[in-house]
Amino acid sequence: MEKVEGLYQELQLLVKSEQYEAASHICDKIRLIGCMDSEVLRTKIYCLIQRKMWNQALFLIKSLEKDEIELPFEKSYCLYRTNNYKDALETLETLGDPTKALSKLENRAITHLKIQILYRLGQFEECERLYSIMEPIIAKENNSVELEMLQVNQLAVFSSIRNINKNIEDFDIPDYLTNSIEYWFNRCCLYLSNNDIDNAMTSLEMSESLYNSLLENDDSEDQQSPDVSDECSLALMRAYIMQQIGQNEEAKLLYEDSFKKFGLDGVKLEPSMVHLGVVAYNNYFILSKNDNPHSYIDGLKRLSITSKDQIEHKMTVNQNFIISLNKALLLYNESGFKQYIKQAEKFSVDKLKLDLFKIGLFLLQGKTKKAVQYINSVYSKNQDNIEFSISVLKILLKLKMINNAFKILDSNIDQYICNFGQWTISPELFNELLILIHNILIEKFSNSAIDMIKQKLKFILNHAISKSTSSKSNSRLPSLLSVLGKHLLIANLASEAAECFRFVLEDLGDSNNDSALSGYVSASTLCGNEVPKVYLRQLDKKLPSSVFSIDAEVLEKMEAPTRASEKDSHDSKSMSHANLTIKTKSKHKKRKPRYPKGFDPLNPGQEPDPERWLPKEQRSSFKKLNKNRSSKKGQIGKGGHQGAIPTSNIEAKPTVPSTAKQAALSSSSGIRRSHKKKRR
């Protein structure tokens with residue numbers, strides 16, 4: 001008995017001192033003695049989890065379940081670490097809703113684990129909801145460590161959500177986040193998701209400076225030691241930003257340097273950095289424009305062998321989905337693309353995106369009929385999705401199927417416009433929809449297209465104003481109506497455009513909307529209406545001071561400006577905006593005549609033969625023709641002796657060469673004569 005008590009005390013000391021390997025051996029000794037206490041098994045499971053031995057821990061948890069002892073949190077965590085995300089989420093949900101009592105540390109740990117599982121499954125909106133519930137509770141407790149981890153992970157979730165516009169410029173950065181490399185890195189990702197390249201580069205430079213300061217102070221014990229994976233992530237992020245702004249050569253060099261420095265080619269790559277190697281290899285392959293699809297797949301297989309595990313377990317769901325689509329796109333002409341489509345279906349979070357990809361593959365393969373059939377089958381199930389409808393309209397317009405596009409436009413799009421007040425699409429997407437309506441009506445009604453476009457725009461305006469009055473809380477309505485007003489101005493509907501912009505400024509109360517303000521002034525001027533001075537003053541404040549230095553009378557007298565040539569493009573950059581390029585008459589340069597090689601224009605020589613265009617039989621120099629002519633004229637009688645003269649009264653013509661060719665032949669030194677042998 002004393003021996004068992006000593007082992008328990010030793011076990012307790014080893015766990016407190018974090019000597020988990022020795023502690024697990026003590027647990028085995030206690031069980032060998034015959035003590036089958038469940039707490040000893042729980043302690044051993046805890047030690048195995050700390051030693052990252054997930055499968056062994058799962059085996060012990062299942063053995064405890066036979067004795068009706070359940071450990072759902074530990075089991076869910078082990079399933080999460082072994083990449084069984086769905087089973088882990090199902091196990092965790094047996095514990096109930098942890099958000100009801102987040103003040104308890106157990107419920108908070110359950111919530112953190114649930115968010116990590118949901119992030120891996122691509123359910124970012126649910127992650128954001130749980131973080132918004134946890135943040136005020138943790139902020140009240142002044143727990144800076146947990147709050148820092150929450151806000152860093154929250155930025156990662158925000159950067160993964162599509163069409164999210166987070167104004168993080170308005171947020172004050174706490175002191176505990178100013179020195180966090182992960183915070184500035186995730187902030188850079190959020191800026192990139194909103195296409196804000198300048199602020200993304202600024203955040204990346206801040207993260208790089210913090211990492212460099214860690215390298216300089218590596219000897220100090222207070223600060224955390226720098227991780228090589230952080231340096232690799234920063235280098236790859238800089239290369240990706242270069243790729244986004246079009247500096248492909250610089251991006252390729254950065255990727256190549258990362259391959260050499262961190263061993264991302266898969267030969268000596270650490271398993272913890274495999275996901276970075278996959279990202280770098282995928283982006284570099286796109287830049288290199290390699291036509292061999294099998295080299296891309298072989299490279300990913302090499303990385304998978306290096307990681308000693310499947311690559312899909314190291315990546316998020318979206319990353320696995322994109323990689324599967326890349327493989328299928330590279331092999332669209334081969335039979336192997338179908339297996340990668342099945343892989344994409346397994347990782348697909350947005351099924352409509354995969355459906356659009358399949359339609360594109362059918363079109364690449366030349367299967368237009370099959371693509372149209374698939375479009376009809378998918379669209380019949382997703383008629384309420386305006387984004388998918390716009391994509392279908394683009395494809396049908398590209399295929400010149402105007403009747404099918406007009407049916408969708410006339411039925412489903414009109415029904416969707418009737419719910420204008422509830423729209424959540426972006427202004428850019430709404431602008432694409434209006435352009436599609438314009439193009440489809442032009443193709444369908446070539447003669448009366450302008451009238452049809454005006455009627456359609458008026459129809460949209462009436463429903464937009466009527467539905468927007470009851471749903472003013474929608475923050476996207478001002479920007480959507482501003483886009484509509486611009487299209488009304490293009491269609492020469494100035495009065496309707498003025499009403500649209502006025503509704504944004506006055507009824508919706510968005511008086512600071514620059515596009516609506518400038519559009520209202522332009523539309524009112526075209527209609528001949530008086531513009532309120534309040535709007536003119538606001539517009540004057542927003543215009544640059546250089547605009548007022550332009551003289552309108554001088555501009556009216558000048559000719560219409562044209563596009564500057566490439567030669568003058570460098571000079572035009574230094575000129576002010578008032579100096580316009582004036583159209584000038586084009587000067588025709590007199591070019592020197594080009595002569596054949598070896599030709600002297602001062603001594604051209606003899607004139608060419610005037611009979612050179614005639615067939616050979618019709619030329620006067622042809623032998624048979626001369627022989628016939630001389631016999632008809634009777635210049636020499638039959639059987640005459642040598643030196644005889646003509647017997648006819650006609651005088652013989654002088655032997656003057658008739659062509660330049662004969663003159664050239666006569667001037668030669670000697671004439672070769674061929675003597676034919678007579679047959680006996």
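Here is a short chat about a predicted model and the words used to describe it. Residues are numbered from 1 along each chain as its sequence is written, and side-chain values use heavy atoms, leaving out hydrogens and water. Local features need pLDDT of at least 70 and side-chain atom pairs 80 or more, while totals for chains, interfaces and linings use all residues.

Visitor: How many helices and strands are in the chain?
Guide: There are 31 helices and zero strands. Helices are DSSP runs of H or I with at least four residues, strands are E runs of at least two, and both are numbered from the N terminus.

Visitor: Why is Thr82 called buried?
Guide: Buried means under 20% relative accessible area, exposed over 50%, and partly exposed in between (1.4 Å probe, protein chains only). Thr82 has 18%, so it counts as buried. Across the chain, buried residues make up 35% of the 680 residues.

Visitor: Where is Thr82, and what does Thr82 touch?
Guide: Thr82 sits in the loop between α5 (72–81) and α6 (85–93). Leaving aside residues up to four places away in sequence, Thr82 touches Trp54, Asn55 and Leu58. A contact means heavy atoms within 4.5 Å.

Visitor: How much of the contacts with a separation of 6 or more comes from residues 24 or more positions apart?
Guide: Those residues account for 56% of such contacts in the chain.
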